[in-house]
Amino acid sequence: MQNLNTKNQKQLHLISLGCNKNLVDSEIMLGRLKSYAITDDIGHADVIIVNTCGFIDSAKEESINAILRMHEARKKDSLLVVTGCLMQRYREELMKELPEVDLFTGVGDYDKIDEIILKKQNLFSPSTYLQANEERVITGSNYHAYIKISEGCNQKCSFCAIPTFKGKLKSRALENIVDEVKKLVAKGYYDFSFLSQDSSSYMRDQAVSDGLISLIDAIEKIDGVKSARILYLYPSTTSDALIRRIIASPVFHNYFDMPIQHISDKMLKVMRRGSGAKRIKELLTMMRQAENSFLRTGIIVGHPGESEADFKELCEFLSEFKFDRISAFAYSCEEDTLAYEMEQIPAKTIQTRLSKIEKIINSAIKESFANEQGKRILVSIDGISSEGEMFYGAKKLIWDKDIDGEILINESDIQELETGGLYECEVSEVVDKTLLARVIKHA
C-alpha cells in the first residue's frame with residue numbers, strides 16, 4: 001500500500017490474504033477507515049489489520065505467519081486486528097493461542113470495522129457479511145475492480161469447508177450491484193470482474209436459475225463499462241443458455257473460468273461435484289468454440305480415492321484439451337469435510353503427482369502464450385512493470401487482473417502512455433510466459 005500519510009493523521013496498514021473475494025472485503029474496510037492514512041511501513045502504523053484466509057493448510061500457515069510478522073514489526077501501543085475466514089473458522093482456538101492480537105472479528109462485520117476499533121471490542125456477527133451500499137477504496141488499479149455478487153455456497157464438495165463457516169448462498173440484489181458499478185464507472189473504472197464462491201448459482205437462493213443472464217443484461221446497459229468477465233463458474237450450475245449469452249455479449253469477454261477439479265467420473269462422484277465428465281467436456285467444448293475464447297480451470301491432485309488410473313486420465317485430458325491457464329492444488333485434508341474421514345493418499349504420492357502434472361500445465365500455458373506471437377491485441381496499462389522502469393506493465397484486456405500474466409511494453413508509437421489507458425498493441429516477442437509488445441495506437 002502506498003504511504004499517504006498526512007501530519008497528525010493516524011496511520012493504517014492492511015494486509016489482505018487469500019482470494020480476490022477477500023480483497024473486496026478488505027477494500028470495504030478501507031472505505032470505513034478513510035480517516036486513516038494508509039502506510040506501507042508497519043512500524044509507523046497505529047492500526048494493523050490482517051484479513052486472513054482459512055481455505056487450505058498453506059493459506060492458514062501464511063495467515064498465522066503474517067499475524068506474527070505484523071506483531072514483531074509493530075510499534076508500541078499500536079492495535080493489531082485479525083479478521084477474515086481463518087478467524088471465523090477457528091475462532092475459539094485462535095483467541096486462546098494468539099495473545100499477540102488485540103482485536104478479533106470474523107466474516108460478518110467488515111462494515112463495522114471502524115466501530116470495532118473505536119470501541120476496542122471483539123465482534124462476531126452470526127451471519128456472513130453481504131455487501132450492500134458501502135463505499136470501497138479500490139486498491140491496485142485505477143481502471144479495474146472486482147465486484148462480488150454473492151456470499152456463501154450451496155454446493156457440497158467433499159474437500160471444501162467453506163460452507164461451514166461462510167454459510168449458504170446469499171445473492172446481492174441486482175440493483176445493488178448495478179448501483180456499485182455505476183458509481184465506479186463515474187470514477188473512471190471501465191473493466192470489471194464479477195465473482196463469488198459459485199458465480200453460476202447467482203440468484204438461485206431467490207428461485208432464479210440463470211441469474212447471471214439478468215446480470216449481464218443489466219451491466220451491458222451501463223454506459224462506460226468497456227470490459228467484463230465472470231469468474232468461478234461451477235459445472236453443475238452453468239447452463240448452455242448462460243454460455244450462449246456470454247458469447248453474444250458485446251461487453252463480457254469470452255473468458256471462461258471453470259474449476260473442474262478432476263475429469264475422472266469416479267473422482268467427480270467422490271468429490272460430489274454434481275456433473276460427470278461428459279457434461280464438463282460439453283461445456284468446455286462449447287466455450288472453446290467461441291471466438292477469441294480464453295479458458296481457465298483449476299484441479300485438485302491427490303484427493304482420497306484417486307487411483308493411478310484416475311490421475312492418468314486427468315493428465316491425458318489436460319494434455320489434450322487446450323486450456324489457457326490451469327491452477328493445480330495438492331489436496332488439503334480439512335476438518336468439517338466429507339473427505340476428512342476418507343482414507344488419505346500419502347503426501348509423498350501427492351507431491352509426485354503434482355510435480356508430474358505441473359509439467360503438463362507449464363507446457364499448456366507456454367503454448368497459450370506462444371499463440372499470441374504477432375497478434376494485435378487490446379491492453380490496459382497497469383504502470384511500471386514488475387521488471388522495473390524499463391518497461392510499462394500491461395494486461396490483455398480479456399485477462400483477469402494479476403492472475404493471467406503481464407505484458408511488457410518495450411516500444412510505443414505514442415509519446416506518453418497513461419496508467420489505466422486502453423491501447424492497441426502488437427505482440428513482438430514471446431519469451432517463455434512473457435509477452436513483449438509495441439503500442440500502436442489508442443483503442
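The crossing of α9 and α11 is right-handed. Helices here are DSSP runs of H or I with at least four residues, strands are E runs of at least two, and both are numbered from the N terminus. This is a predicted model, where local features need pLDDT of at least 70, side-chain atom pairs count only at pLDDT 80 or more, and totals for chains, interfaces and linings use all residues. Residues are numbered from 1 along each chain as its sequence is written, and side-chain values use heavy atoms, with hydrogens and water left out.

Stay with α9 and α11. Helix α11 covers residues 277–288, and its axis comes within 10 Å of the α9 axis, crossing at roughly 15°. That makes the two helices, α9 and α11, roughly parallel. For the terms: axes are lines fitted to C-alpha atoms, for helices over the stretch in contact, and angles run from 0 to 180 degrees between N-to-C directions. Under 35 degrees counts as roughly parallel, over 145 as roughly antiparallel, 65 to 115 as roughly perpendicular, and the rest as oblique.

Which residues of α9 and α11 meet? From α9 come D240, I243, R244 and I247; from α11 come R279, L283, M286 and M287. Contact means heavy atoms within 4.5 Å. By class, the contact of α9 with α11 has five nonpolar residues, three charged and no polar. Nonpolar covers Ala, Val, Leu, Ile, Met, Phe, Trp, Tyr, Cys and Pro; charged covers Asp, Glu, Lys and Arg; the others, Gly among them, are polar.

Next, α9 against α8. Helix α8 spans residues 211–220 and helix α9 spans residues 240–248. Their axes lie 9 Å apart, at an angle of about 15°. α8 and α9 are therefore roughly parallel to each other. What is the handedness of the crossing of α8 and α9? It is left-handed. On the α8 side we have L212, I213, I216, D217 and E220, and they meet A241, L242, R245 and I246 of α9. The residues of that contact divide into six nonpolar, three charged and no polar.

Now the α7 contact with α8. Helix α7 runs over residues 174–186. The α7 and α8 axes come within 10 Å and cross at roughly 35°. This crossing of α7 and α8 is right-handed. L174, I177, V178 and V181 from α7 meet S214, L215, A218 and I219 from α8. That contact of α7 with α8 has seven nonpolar residues, one polar and no charged.

On to the loop between β9 and α8. S201 sits there. Is S201 buried or exposed? S201 counts as buried, at 6% relative accessibility. The scale: buried is under 20% relative accessible area, exposed is over 50%, and partly exposed is in between, with a 1.4 Å probe and protein chains only. The S201 side chain makes a polar contact of 2.4 Å with the side chain of D198. A polar contact is a pair of N or O atoms within 3.5 Å; within protein, one must be able to donate a hydrogen and the other to accept it, and residues adjacent in sequence count only if both atoms are side-chain atoms. Leaving aside neighbours within four places in sequence, S201 touches Q155, L169 and T237.

A207 is found in the loop between β9 (191–195) and α8. A207 is exposed, with 75% relative accessible area. Its phi is positive, about 65°, although A207 is not a glycine.

D336 is in another setting: the loop between β13 (325–330) and α13 (347–370). D336 has a positive phi of about 65°, and it is not a glycine. D336 is exposed too, at 55% relative accessible area.

N20 is in helix α1, residues 20–32. N20 counts as buried at 18% relative accessibility. What is the length of the polar contact joining the side chains of N20 and Y146? That contact of N20 with Y146 is 3.0 Å. Setting aside neighbours within four places in sequence, N20 is in contact with Y146, L195 and D400.

Last, L79, in strand β4, residues 79–84. L79 is buried at 12% relative accessible area. Beyond its neighbours within four places in sequence, L79's contacts are D46, V47, I48, R74, D102, L103, I117 and K120. L79 and L14 are 65 residues apart in sequence, with 12 Å between them in space, C-alpha to C-alpha.

Note on methods
Left-handed = near helix turned anticlockwise from the far one by under 90°.
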